[in-house]
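Hi everyone, thanks for making time.

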Amino acid sequence: MTDQATIGPADLVPVLQRAELTSVYALELHATRSSGEHPTKANWTMESGMAPGDGVIDYKFDAKCVLTGDDESLVADLHVAVVAHYSLAEGPPISEAVLNAFGNVLTTPAVYPYLRQYLQDMAARIGLPGFTLGLLKPDPEHQITVSLNSPTLA
């Protein structure tokens with residue numbers, strides 16, 4: 001198996017040539033408003049996982065956003081889970097490390113606008129003003145590293 005640290009852009013080209021993003025859909029949407037106060041801070045995190053299959057691969061992204069007031073009191077808690085579903089054309093097997101890298105490098109930025117829109121929409125539906133999510137920055141602690149069907153995600 002290839003170590004993910006040694007995977008470069010050239011390793012992703014065969015996956016990119018065989019992969020077709022067929023859908024991005026919401027798996028879970030949840031919003032809880034804790035006060036009538038308007039939020040002044042948004043803190044969000046994202047975790048991810050993958051589930052490779054025969055000719056397909058799914059990447060799941062869980063985004064959690066905590067909105068707080070000036071005094072750090074909880075205003076709202078938002079949670080979104082989306083799945084990016086890819087079909088894979090026939091070809092040689094692809095290592096899990098390469099699929100992880102594909103998810104981190106290409107799928108994460110492709111899914112980010114969907115996550116952001118769902119979070120904004122849920123906030124508006126519970127009566128909150130618009131807010132800006134920060135830049136999407138790599139976080140080695142929350143990259144795609146386990147399969148969705150892994151017992152650690154159960």
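Let's start with Thr68, which lies in strand β3; helices (H or I, at least four residues) and strands (E, at least two) are DSSP runs, numbered from the N terminus. A word on the source: this is a predicted model, where local features need pLDDT of at least 70 and side-chain atom pairs count only at pLDDT 80 or more, while totals for chains, interfaces and linings use all residues. Residues are numbered from 1 along each chain as its sequence is written, and side-chain values use heavy atoms, leaving out hydrogens and water.

Is Thr68 buried or exposed? It counts as buried, at 11% relative accessibility (buried is under 20% relative accessible area, exposed over 50%, partly exposed in between, with a 1.4 Å probe and protein chains only). Beyond neighbours within four places in sequence, Thr68 is in contact (heavy atoms within 4.5 Å) with residues including Pro39, Lys41 and Leu74.

Now, Lys41 forms a salt bridge with Glu72, with the closest N and O atoms 2.4 Å apart; the term means a side-chain nitrogen of Lys or Arg within 4 Å of a carboxyl oxygen of Asp or Glu. Lys41 sits in β2 and Glu72 in the loop between β3 and β4, so the pair ties together parts 31 residues apart in sequence. Lys41 itself is partly exposed, at 38%.

For contrast, look at Asp121 and Arg125, whose salt bridge has its closest N and O atoms 2.9 Å apart. These two are four residues apart in helix α2, so about one helical turn separates them. Arg125 is exposed, at 67%, and Asp121 is partly exposed, at 29%.
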